[in-house]
Each structure stands twice: as C-alpha cells, then as structure tokens.
Amino acid sequence: MSELLVDFITSLDGCASAEGWPGWWGLEGPEYLGWLGEQPEVTYLMGANTYRLFSGFAAGQGPWDPEELSDDEGSSLDELARAPKVVFSASLAEPLTWANTRLVRDGAVEAVRAMKENGSGLLSTIGSVSLSRSLLAAGLVDRFRVVVFPVITGATGAERIYDGYPDVALEMIDNRTFDGRIQLVEYRPTVLTPRGT
C-alpha cells in the first residue's frame, strides 16, 4: 500500500508563494538543498494550475527568465521532470507535454484512494493547495510536512494554504532546522469531526 504525503513550503504566515520573491524566497541553503537531494523517489500528485506553472518553468516559460534561475532551481526542475507525475484535471487535454506525466480526469479523491490501495512507494503532493485540502479532508493523508521559510509575506503573499481546511489534530513525527533558519515540521494528521455532526 502506498503512503501519501502532503508537502508544502511556506512563509511563516502560511503562504505558498509571494509576488516578486524568488523560489524558496531566496533563502535556500546548503543543508536544506542537501536534504532535498536525499529524499526518496516519489510519484508527484498535482492539480492543473500547478501542472501549468511547473511544466511552464520546465519549458522555459513563466515569470522568470530561465537564465535567471539558480543552479539549484534548475536542478530541482530537472529532477521533477524525471519523476513520475499524476495531474488531476478536467480542463487539460492530452497529450501532456511535460515528460512522465499522466492525466487523470476522474475525481481525485477516488483516484488517489485507489492509487494508495493498489500501489507501493510514496505519493506526494507538490503545491496544489486545493487538491491537498481535499485529500486531507477525505482522510487519505498519512503525513503532513511543512517547511517554513523565515519571511512574512503579508503584503505580497498568495495561495494561503490553510484557508478552507477542516479542523485537524497533528501528532509531530519529525522536526529539523536547516541552515540555522529554515524549519521543517512533519505530522501525522487526524481530521476532526465538527461538534454536533
């Protein structure tokens, strides 16, 4: 049976991105990048918006000039291109242009439930705030990991991660500090049933 990890990188105020900031808010360091390089192989799960964004970066399109990407950002995109990926979308059309990507038009919750029951290895979301929220609410998430970068993006932050989430109890199973400033926290989540239901 596969395990499902929801994996976010965020600002301290819970935003997944911010206008005008570089990738990793420009604060990635050697310990964090080394840890990223040690992660096991996964099958990445994403929605259409994340697919468009990352496949655009991989094709040299998007808000940044490919020449302006750091070596580390370019290397991460290369690794992501090689990894198996599943995109859940009713709006995308085949053939998909990003290598190693499979399109699933069925409901994501049912499809991921089947992937977990019939597969092996690790499944991990990448970005995809609404997909991650729906998988968590359905009780499919085994681990919930957040890497917090030491910035507050109150004026420019986008993609507020926790808006619309159910109440969730979190049992900490791991935590680390990278480069003296980046904090990783990892939990086993339990979705709480609202009182009166």
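**Exercise 1. Which handedness does the crossing of H4 and H5 have, and which residues make the contact?**

Solution. Step 1: The crossing of H4 and H5 is right-handed; in a right-handed crossing the near helix is turned clockwise from the far one by less than a right angle, and in a left-handed one anticlockwise. Helices here are DSSP runs of H or I with at least four residues, and strands are runs of E with at least two, numbered from the N terminus.

Step 2: On the H4 side, the contact (heavy atoms within 4.5 Å) is made by Ala108, Val109 and Val112, and on the H5 side by Leu131, Ser134 and Leu135.

A word on the source: this is a predicted model, in which local features need pLDDT of at least 70 and side-chain atom pairs count only at pLDDT 80 or more, while totals for chains, interfaces and linings use all residues. Residues are numbered from 1 along each chain as its sequence is written, and side-chain values use heavy atoms, with hydrogens and water left out.

**Exercise 2. At what angle do H4 and H5 pack, and how far apart are their axes?**

Solution. Step 1: Two packed helices are described by the angle between their axes and the distance between the axes.

Step 2: For H4 (residues 108-118) and H5 (residues 129-137), the angle is about 65° and the axes are 10 Å apart.

Step 3: H4 and H5 are therefore roughly perpendicular to each other, a label for angles of 65 to 115 degrees.

**Exercise 3. Which residues of H5 are buried?**

Solution. Step 1: Buried means under 20% relative accessible area, exposed means over 50%, and partly exposed is in between (1.4 Å probe, protein chains only).

Step 2: The buried residues of H5 are Val129, Leu131, Ser132, Leu135 and Leu136.

Step 3: Viewed down the axis of H5, these buried residues fall within an arc of 165° and so line one face of the helix; the arc is that of the directions from the helix axis to the C-beta atoms.

Step 4: Now step just past H5, where Gly139 has a positive phi of about 80°.

**Exercise 4. Is Thr153 buried or exposed, and where does Thr153 lie?**

Solution. Step 1: Find Thr153 in the loop between strand E7 (143-149) and strand E8 (157-160).

Step 2: Its relative accessibility is 3%, so Thr153 counts as buried.

Step 3: Leaving aside neighbours within four places in sequence, Thr153 is in contact with Ser11, Asp13, Cys15, Ala18, Trp21 and Trp25.

Terms used. Axes are lines fitted to C-alpha atoms, for helices over the stretch in contact, and angles run from 0 to 180 degrees between N-to-C directions. Angles under 35 degrees count as roughly parallel, over 145 as roughly antiparallel, 65 to 115 as roughly perpendicular and the rest as oblique.
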